[in-house]
Amino acid sequence: MGDWLIQIFRSSYDTLYMATFIVATFLFISGLDDIFVDMYYWFHHIFMKKKFNKFRYEPPEKIYQVPEKPIAIFIPAWHEFDVIDKMLLNACRTIQYKSYDIFVGVYPNDPQTIMKVEEVSRQFPNIHAVVSANPGPTTKAENLNQVLEGMIRWENKTGVRYDIIVMHDSEDVIHPLSLKIDNALIPEFDMVQMPVFPLHTSHANLVHWTYSDEFAEYHTKDLFVRQHFSGFVPSAGVGTAFNRWIIEFIGTSFAKNIFRTKSLTEDYDLALRLALGKANLLFVYKPFGIDCSTRGYFPHSMKAAIRQKSRWITGICLQSWQTMGWKGDAKFRFVLYRDRKAIVTNIINFFAYIVILYLIMYESIRFGFAAYRELPPIVIKGTILWDLVVIDSVLMLWRILHRFVTVRRVYGTWAGILSLVRLPVSNIINFSATGRALYQFTQAAIKKKELKWEKTAHHFPTTTEHISH
């Protein structure tokens with residue numbers, strides 16, 4: 001038994017060494033810009049706090065001193081009859097703003113969703129169902145373009161002119177003061193993005209919590225750096241407010257298609273075009289001292305999470321690269337690289353687990369049994385590989401620390417501790433989503449077919465306790 005096991009490990013030595021070297025090299029390269037972002041954040045957070053997040057320290061009374069501008073909220077909806085009425089009712093009952101209307105994009109072949117929207121509109125006349133000219137599902141971008149046309153028809157009918165357009169989804173819990181804050185910040189800024197945090201739920205829902213972990217780090221740390229360093233704040237698709245006039249100006253080259261219809265991440269695409277056009281984009285965390293964010297339930301199953309994230313990866317990494325290339329100055333290209341490197345890092349992070357597990361098994365057997373000590377070590381002190389492994393280990397601990405700190409900031413200490421346990425789950429989802437995105441994108445290119453909107457099934461909280469901020 002010992003001889004054949006030794007033979008297996010000896011024959012795999014070269015492969016394991018090469019795999020370890022490749023993984024260690026990629027992890028090192030990826031870790032360099034992560035370290036830069038972290039150090040940039042902490043330097044400015046500690047020494048330039050009021051400049052870095054200046055609106056956090058403004059008095060909350062300011063949001064009440066600005067006269068209300070008309071606001072239009074856009075909500076795309078395809079087969080959302082389970083949640084759309086609950087979401088709309090909660091919004092209309094809790095939003096502390098008077099001058100707003102909600103336009104819900106529905107499809108002629110989705111009568112149940114239309115019926116739910118119309119039921120709420122009878123109770124709240126500021127709710128409007130905009131029926132698309134095309135049957136669903138289309139891309140989310142095409143739905144939003146139809147909503148925009150519906151809003152313009154309503155403006156022509158009533159004489160109202162909306163100055164701000166706010167993006168939300170049918171499962172969102174909208175903060176009561178979010179429109180007040182948007183109203184105070186626009187038109188000084190052309191786009192305002194507020195944090196998006198998944199709702200607190202049972203820790204047994206590991207998949208949902210991986211979103212909580214990622215959004216907590218991204219929306220309390222990384223977005224500050226992006227805004228301050230490059231000026232490019234990507235839209236999250238929800239909790240995003242636009243100066244209506246600037247996005248119409250940006251969209252003139254696309255005729256009525258302000259939202260690029262072929263894009264699976266129309267929110268990211270629009271923010272990218274705004275940033276390239278030197279628009280003034282803002283990310284705010286706890287603006288005016290108010291803990292304001294968009295909340296909602298995210299997928300609870302691996303299958304649903306993989307479907308959703310594969311759409312994000314396709315739109316952000318692949319389609320934007322294909323359509324926009326590498327524009328902007330060095331700082332701008334740096335953040336584009338940060339977005340698009342996910343194609344590689346999601347794959348490398350997954351294979352790193354396989355390599356590490358095999359390496360641990362190899363070294364454990366080599367040290368644990370005298371008969372196997374003739375096997376050569378993989379990582380030898382004093383070599384480049386040794387240095388890479390040591391550095392990568394430090395970088396991994398650094399990443400774990402930042403994940404804990406940022407998750408604790410939003411969800412508390414226990415959630416921060418458990419976020420470390422959820423890291424492998426997150427990496428498995430991201431790896432699977434990347435593979436699916438690459439496959440679907442390649443197949444669509446070969447067959448010359450357009451990618452469709454793959455809708456995620458949504459759930460809305462049932463009690464005010466769950467939807468409180």
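What follows is a chat about how some features of this predicted model get their labels.

Biologist: Before we start, what are the ground rules here?

Modeller: It's a predicted model, so local features need pLDDT of at least 70 and side-chain atom pairs count only at pLDDT 80 or more, while totals for chains, interfaces and linings use all residues. Residues are numbered from 1 along each chain as its sequence is written, and side-chain values use heavy atoms, with hydrogens and water left out.

Biologist: Okay, why are helix 2 and helix 9 called roughly perpendicular?

Modeller: Look at the axes of helix 2 (residues 13–47) and helix 9 (residues 206–230): they cross at roughly 85° and come within 9 Å. Axes are lines fitted to C-alpha atoms, for helices over the stretch in contact, and angles run from 0 to 180 degrees between N-to-C directions. Under 35 degrees counts as roughly parallel, over 145 as roughly antiparallel, 65 to 115 as roughly perpendicular and the rest as oblique. Helix 2 and helix 9 are therefore roughly perpendicular. The helices themselves are DSSP runs (H or I, at least four residues; strands are E, at least two), numbered from the N terminus.

Biologist: Which residues of helix 2 and helix 9 meet?

Modeller: With contact meaning heavy atoms within 4.5 Å, F36, V37, D38, Y40, Y41 and H44 of helix 2 meet T220, K221, D222, F224, V225, H228 and F229 of helix 9. By class, that contact of helix 2 with helix 9 has seven nonpolar, three polar and three charged residues. Ala, Val, Leu, Ile, Met, Phe, Trp, Tyr, Cys and Pro count as nonpolar, Asp, Glu, Lys and Arg as charged, and the others, Gly among them, as polar.

Biologist: And what makes helix 15 oblique to helix 16?

Modeller: Helix 15 (residues 384–411) and helix 16 (residues 413–447) pack at about 140°, with axes 7 Å apart. That angle makes helix 15 oblique to helix 16. Among the contact residues are F404 and Y411 of helix 15 and L420 and L423 of helix 16. The contact of helix 15 with helix 16 divides into eight nonpolar, three polar and two charged residues.

Biologist: How do you know that there is a cavity of 30 Å³ or more?

Modeller: A search of the whole structure finds one. On a 1 Å grid over the protein atoms alone, a cavity is a set of points where a 1.4 Å probe fits but cannot get out, whereas a pocket is an open set with protein on both sides within 12 Å along at least five of seven lines; lining residues have an atom within 4 Å of a point. The largest cavity holds about 40 Å³ of space, and its lining is V166, H168, I174, S178, D182, M194, G239 and T294.

Biologist: What lines the second largest pocket?

Modeller: There are 17 lining residues, with K262, Q319, Q322, F441 and L451 nearest the centre. Helix 12 (302–324) gives the most, with five residues. By class, the lining of this second largest pocket has four nonpolar, seven polar and six charged residues.

Biologist: What stands out about phi of H79?

Modeller: Phi of H79 is near 55°, a positive value in a residue other than glycine. H79 lies in the loop between strand 1 (71–76) and helix 5 (84–94).

Key. Grid points are joined across faces, edges and corners, and a volume is the space filled by probe spheres set on the points.
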